[in-house]
Amino acid sequence: MSGDRYTPQSGDASIGVDHYDLTLDYKIATNRLSGTAVIRVRAAAAISAVSLDLVGLRASKVLVDGRRAPAFHQSDRKLRVTLPAPLDEGEGVEITVVYGGAPRPRRSRWGTIGWEELEDGALVASQPTGSPTWFPCNDVPSDKATYVLTISTDSAYTVVASGVRVEKGGRGSTATWKFEQSIPTPTYLMTVVLGRFVEETVPLDDRSGRMFYPRPLADRVHADFADLGAMMALFQERFGPYPLDEYAIVVTADDLEIPLEAQGIGVFGASHIDGVGGLERLIAHELAHQWFGNSVGVAAWGDIWLNEGFACYAEWIWSEHSGAETAHERATHHHARLDALPQDLLLRDPGPDLMFDDRVYKRGALALHALRLTAGDDAFFALLRAWCAQHASGTATTDEFVALAEELSPVPVSDLLHEWLDELPLPALPRAGRAGRAVARAVRTATSAVSPRR
Ligand SMILES: [Zn+2]
């Protein structure tokens, strides 16, 4: 049984995973990973075997509830474990997999994803199906789990991973780092980054921040992330409380094609940090994913606009607040651009090939702007806060968003959203109703607690 329509070869809908306990040893010089994964599986249907995703690494031993599995079989994508006795729906079992090899990214229709060696270190960029390149898992966004990750590696390197760091140390040439992720997290949002980093703590509104970066990039990092605390304050005001205790920024010495979000972490490449805030929008975008995508997760990849459209709109909200272009100016600009592009993408269900198409991001943000113009600022931001509160640490669907918007808007909005979500032609941006007129006039809200930078 496939787990997601967009990634039919990943995941298994007949199981759910409650918890992964991963103990890894990684040799940076030789790119060797050896691991033990203890996975608490719950049967979502009657099953006699458990099928996990594992790519490019070899399982050498498999236990079921502490005893040798009757049999296990590994293909190039799957590890299938025969259970000693069938399970009924709702019953649980603990699978232990001892595995290892030379981890490398896998090829996919979205490029190469997963565990990747850097010039001097390594990182994991999984979205959407890269996680099996570093641990056996049920690799679908709907299946959130908690994690403990213990990783031993060369002590010259700093390890950053999703979760609260509870151990850091070790003597001699090897150091062991331990992280606990108690917030339910899908596999693709688990990451680990190894590098030679300076670590610095920074206050972020009422949360704590950590920054990890190569020393030579210090000035550029300090300049470009100077507003991160103000962004955190603005987003907490607009979206509700930041869902975690901490937010970490990692900047790699390598250039990266795109920054990436992981649970509690934003990872940027040296190429994104120019020292003059040239890519400030990406910093806002990745932070916003902590609410949209990471806390409120997608139940299926087809709803990806709930991640990317919202994170893109957060860029415009920050732009407006910081005194750069207003959200309305950005929306008008991007509407004109999209209008000139092919209109062959359904926002609610773009298909796997187009799920990361820029039009999903921009049309998604425009749909939200259209909603804001129609419902007005107060109702719009109340909707975003209610959305984040209702689905915190869970998953959600487009239908649920439309229903909540209809419930909280002072005027009907389901027809409007239907045009943006379910029809191909690009709708015109609505004229602001009475409630939304202030937005169109680009008056910044007086309720903001954060002073603009520029
Ligand atoms: Zn994004």
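**Helix packing**

Guide: In this predicted model, the axes of helix H6 (residues 358–375) and helix H9 (residues 414–422) come within 10 Å of each other and cross at roughly 170 degrees.

Visitor: Is H6 roughly parallel or roughly antiparallel to H9?

Guide: Angles over 145 degrees count as roughly antiparallel. The axes of H6 and H9 cross at roughly 170 degrees, and therefore H6 and H9 are roughly antiparallel.

Visitor: Which residues of H6 and H9 make the contact, and how many of them are nonpolar, polar and charged?

Guide: On the side of H6 the contact is made by Arg363, Leu366, Ala367, Ala370, Leu371 and Thr374, and on the side of H9 by Leu416, Leu417, Glu419 and Trp420. Sorted by class, the contact of H6 with H9 has two charged residues, one polar residue and seven nonpolar residues.

Visitor: How many residues of helix H3 are buried, and which are they?

Guide: Helix H3, which spans residues 280–288, is mostly covered. Its buried residues are Glu280, Leu282, Ile283, Ala284, His285, Glu286, Leu287 and Ala288. The number of buried residues in H3 is thus eight of nine.

**A buried aspartate**

Visitor: Is Asp53 buried or exposed, and which side chain does a polar contact join to the side chain of Asp53?

Guide: Asp53 is found in strand E3 (residues 47–53), and it counts as buried because its relative accessible area is 3%. Leaving out residues up to four places away in sequence, Asp53 touches several residues, among them Gln9, Arg77, Lys78, Phe135 and Asp139. A polar atom of the Asp53 side chain lies 3.0 Å from the backbone nitrogen of Asp139. The side chain joined to that of Asp53 by a polar contact, at 2.7 Å, is that of Lys78.

**Cysteines**

Visitor: Where is Pro128 found, and what is the peptide bond from Gln127 to Pro128?

Guide: Pro128 is found in the loop between strand E11 (121–125) and strand E12 (145–154). The peptide bond that leads from Gln127 into Pro128 has omega near 0 degrees and is cis.

Visitor: What phi does Asp205 have, and where is its place?

Guide: The place of Asp205 is in the loop between strand E17 (198–204) and strand E18 (207–213), and it counts as partly exposed because its relative accessible area is 45%. Although Asp205 is not a glycine, its phi is positive, at about 55 degrees.

Visitor: Which residues is Val148 in contact with, and how far apart in space are Val148 and Val93?

Guide: Val148 has its place in strand E12 and counts as buried because its relative accessible area is 14%. Apart from neighbours within four places in sequence, Val148 is in contact with His19, Tyr20, Asp21, Leu22, Lys178, Phe179 and Glu180. Val93 lies 55 residues from Val148 in sequence, and their C-alpha to C-alpha distance is 18 Å.

Key:
Residues are numbered from 1 along each chain as its sequence is written. This is a predicted model: local features need pLDDT of at least 70, side-chain atom pairs count only at pLDDT 80 or more; totals for chains, interfaces and linings use all residues. Side-chain values use heavy atoms; hydrogens and water are left out. Buried means under 20% relative accessible area, exposed over 50%, partly exposed in between (1.4 Å probe, protein chains only). Helices (H or I, at least four residues) and strands (E, at least two) are DSSP runs, numbered from the N terminus. A polar contact is a pair of N or O atoms within 3.5 Å; within protein, one must be able to donate a hydrogen and the other to accept it, and residues adjacent in sequence count only if both atoms are side-chain atoms. Contact means heavy atoms within 4.5 Å. Axes are lines fitted to C-alpha atoms, for helices over the stretch in contact, and angles run from 0 to 180 degrees between N-to-C directions. Angles under 35 degrees count as roughly parallel, over 145 as roughly antiparallel, 65 to 115 as roughly perpendicular and the rest as oblique. Ala, Val, Leu, Ile, Met, Phe, Trp, Tyr, Cys and Pro count as nonpolar, Asp, Glu, Lys and Arg as charged, and the others, Gly among them, as polar.
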